[in-house]
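Hi,

Here's the structure I said I'd pass on. Have a look at it first, and then read my notes below.

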Amino acid sequence: MQKSAMINNEIIRKRLAKRYAKERRFRLYGVASITISIAFLLTLLVNISLNGLPAFQQTYINLEVNLDEDILGVTSSSNDKEFLQGNYSKAIKSSLKTLFPNVKGRKNNKALKQLVSSSATYQIRDFVMDNPNMIGTTQSFWFLAKDDIDVFIKGGIDRSLPETDRRIKDLQLIWIDQLLFDQRLEKRFNFTFFTQSDSREPEQAGIKGAVVGSLLVMLVTMLLSFPIGVLAAVYLEEFAPQNNKWVDMIEININNLAAVPSIVFGLLGLAVFIGLFGVPRSVPLVGGLVLTLMTLPTIIITTRAALKAVPYSIREAALALGASRVQMAFHHVVPAAMPGILTGTIIGMAQALGETAPLLMIGMVAFVANVPQGIADPSTVLPVQIYLWSDSPERAFIERTYAAIMVLIGFLVMMNFIAVIMRRIFEKKF
Amino acid sequence: MSFSVTVIVLFALLLLGYFVGRKRSIYVSKNNTKPLHSLPQYYGYLVALWSCLPALLVLLVWTALNSSVISSMTISYFPEQVQQLSKDDLSLLVNEIINLSESKEVLQDSMKQAVVSKYLHLVELSQQLKVGVVFILAFVGMFIGFRLIKPHTRARNLVEKLVRWTMVACASIAVLTTIGIVFSVVFEAHQFFKSVSISEFVFGAHWSPQGAIREGQVGGSGSFGALPLFVGTLLISFIALLIAVPLGLMSAIYLSEYATDKFRAFAKPMLEILAGIPTVVYGFFAALTVAPFIRDMGESLGLQPASESALAAGIVMGVMIIPFVSSLSDDIICAVPQAMRDGSYAMGATKSETIRQVIIPAALPGIVGGVLLAASRAIGETMIVVMAAGLFANLTLNPLQAVTTVTVQIVTLLTGDQEFDSPKTLAAFALGLGLFLTTLLLNTISLYMVRKYREQYE
């Protein structure tokens, strides 16, 4: 009897040990899956920051340019038209020539000119047009370096590779070393990235146009989706008759729309807004309209949740004091729910800000080199700019893609941060 | 007067109407023995709405119809024989007139010159008429509203009625959107299926729409067998779910059953950040970091993965939908009544045994609903696959090869300058129809399952 009990005990203890081991393993799976997810997130963020940070600096080249009348082909008394036709690239060429007088041959001369970005000519032109009395003097300029030079200075090109595998020729390496030795090459903060729009030349490309485009699209989206979303939610929550077929259909519709792929909204925008109503392509107006339809379900759902959280006693108190139902809703319930409504709206806006696919459908992928002036100007938005640059073969564009992603994520973090703060400050506990 | 200036003036009139109405109602109530029905501001709203709404409506309708009415009137200016031309030629001619009128050059062709000047006259006339009509309406409306300020006018009821109808209209926009999606996609897809049979589209194994650039081209009209796209989409979505479901579910279980409040407060927002990162960022990461990594790994194992393998896009997409799975499962696990857990513990079960044998079976319908929702997300996801998956249709189930998906093809077919009714763009709408129906089906089933599940425990 005692023996069998002991065996039983033994079996139970063994099984218990097994069961506890299983329990520990199960817990471990849970911790592991959270760790993996967070590790992926951190990898993503660190990878982007490490690759994007260099793009916030840009290499500049210092040259002494002789603003000679004969070279430029303009005099201090020239008119604007003549100024625009001046031969400024010749001035740069000759200034490079004085630094490196031994360069011979067409090909090598071209390589020499490839050190400086093509924007240098415009820089000189603008200087000369602003200061015509400086013609004839020699001035010191800091020019943007060509993207390959920039990438090399930041360590993106291996100089030990054979010349044919490198974007920079041996001769250029010698010149760069010379320039570095003369302290004529310098890395500075990349203002161009924030003050210029898209360009075919990586060193001249910036995100200003895309950021302004994004802001315009957000403005349209916000102005339309906030009032429409809130009114719809108030109707469904406060006024809609119970067990009404039409109201049920609206509810099911909203829940379904929240899960429809965003690209389908793009197809709708293409067929209805552009095809039917004739809204021009690529403009913030049509982008905003499409994103409005896309964010409406989010705003309606969160607004309804916020309205539900307002206790019924507030409604009853308002009605008891003689308020009409509309007064009750707009004077008491909506203000009480406002923090939740605004939080939901900001989250919806953040979603819209990061959205790319529907905007590709309505033609916001065009190359736009100007900053849009209004909601009817062709423009692009930040996520689409990221998509466009990510396709480019130039290394400098890849670097800028990472930097643009950092800016985009920065905006999103800011919006979510505001949402959290607002929830903390204004949230009422009933 | 441009459109925006007109609107701004109308808004100024709206404000004016409000103040005038309010002042007037106070004046009326002072000089009247019978009290007014509503508060003064409601009479203000009434006057403001009367002065603004009809005018604004006319303005919008006029602006929307303006160009089409003017072009049809321009056609009538052409000589008889020109009007016999086909519809397409006529619209081309009208476009030419519009372009010419903008350039303001003096033309050689006297007929066109005459039409251009008539057209310009018409545009100007329409503009002046529009502004005139709008402002006359605004002032007439303001006068009507002003006359309505009487003791027996129920201003509040009138205003509130309008507010209610506005709310109904706003709520109906959701239904209109769905109808808009269905109609636009179905209409274009119908055009497409006139030239390509449905069975060829669904079961055809060869997809190369690039051939159909122009009519009568050598090499035929391109082939539109979308089976490889469907298989590719399912392959990538399947890989994504293979990543997201175990990780998301285990995270949810740990967070809701084991984690301390402190850990939960840290880990839950971290997981939600994953859902907030734009998909274009994931796509870039997949294409530039994950795909080369997988290629190197595969090569070191002696395999030959494609540089745009389905695996890379699938893994990154899986990570993206982890938070969807985890937050939905979290809600659902939390909704399982505590009594069921207590019962299981009372029988001597460990925590993991309770979870595996009691909670998961009880929560299964809800979890399946969440997984279906995640699947619909994965199928409809666009940017990750556009940037990290292949472009060429490849009928394979090997995750190391490059496949293309429905969304990738929609984007490639519709970006760039296309004629609106070429088979290529129409094919994109047919694909969109398939995508919409699939996700709609998945969403409906999953929403139904989640709702049924909730009702079970309420």
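Before the helix pair, one convention: a crossing counts as left-handed if the near helix is turned anticlockwise from the far one by less than a right angle. Also keep in mind that this is a predicted model.

With that in hand, α13(B) passes α16(B) in a left-handed crossing. Helix α13 covers residues 351–380 of chain B and helix α16 covers residues 423–457 of chain B; their axes come within 8 Å and cross at roughly 160°. Angles over 145 degrees count as roughly antiparallel, so that's what α13(B) and α16(B) are to each other. On the α13(B) side, the contact includes Pro365(B), Gly366(B), Leu372(B) and Ile379(B), while α16(B) brings in residues including Leu435(B), Asn443(B), Met449(B) and Tyr453(B). Sorted by class, that contact has 12 nonpolar, 8 polar and 1 charged residues.

Next, α10(B), residues 279–300. At 1.5 Å a residue, its 22 residues should span 32 Å, and the end C-alpha atoms are 30 Å apart, which agrees. There's still a kink in α10(B) of about 40°, centred on Ala286(B). Just after α10(B) you'll find Gly302(B), with a positive phi of about 85°.

Finally, the contact between the chains. Chain A puts in 64 residues and chain B 66. Helix α1 of chain A (residues 2–52) gives the most to the chain A side, with 17 residues. By class, that side of chain A has 45 nonpolar, 15 polar and 4 charged residues.

Cheers

Methods:
Residues are numbered from 1 along each chain as its sequence is written. Chains are lettered from A and ligands numbered from 1 in the order in which they are written. This is a predicted model: local features need pLDDT of at least 70, side-chain atom pairs count only at pLDDT 80 or more; totals for chains, interfaces and linings use all residues. Axes are lines fitted to C-alpha atoms, for helices over the stretch in contact, and angles run from 0 to 180 degrees between N-to-C directions. Helices (H or I, at least four residues) and strands (E, at least two) are DSSP runs, numbered from the N terminus. Angles under 35 degrees count as roughly parallel, over 145 as roughly antiparallel, 65 to 115 as roughly perpendicular and the rest as oblique. Two residues are in contact if their C-beta atoms, placed from the backbone, lie within 7 Å. Ala, Val, Leu, Ile, Met, Phe, Trp, Tyr, Cys and Pro count as nonpolar, Asp, Glu, Lys and Arg as charged, and the others, Gly among them, as polar. The expected span of a helix is 1.5 Å times one less than its number of residues. The bend at a residue is the angle between axes fitted to the seven residues ending there and the seven starting there.
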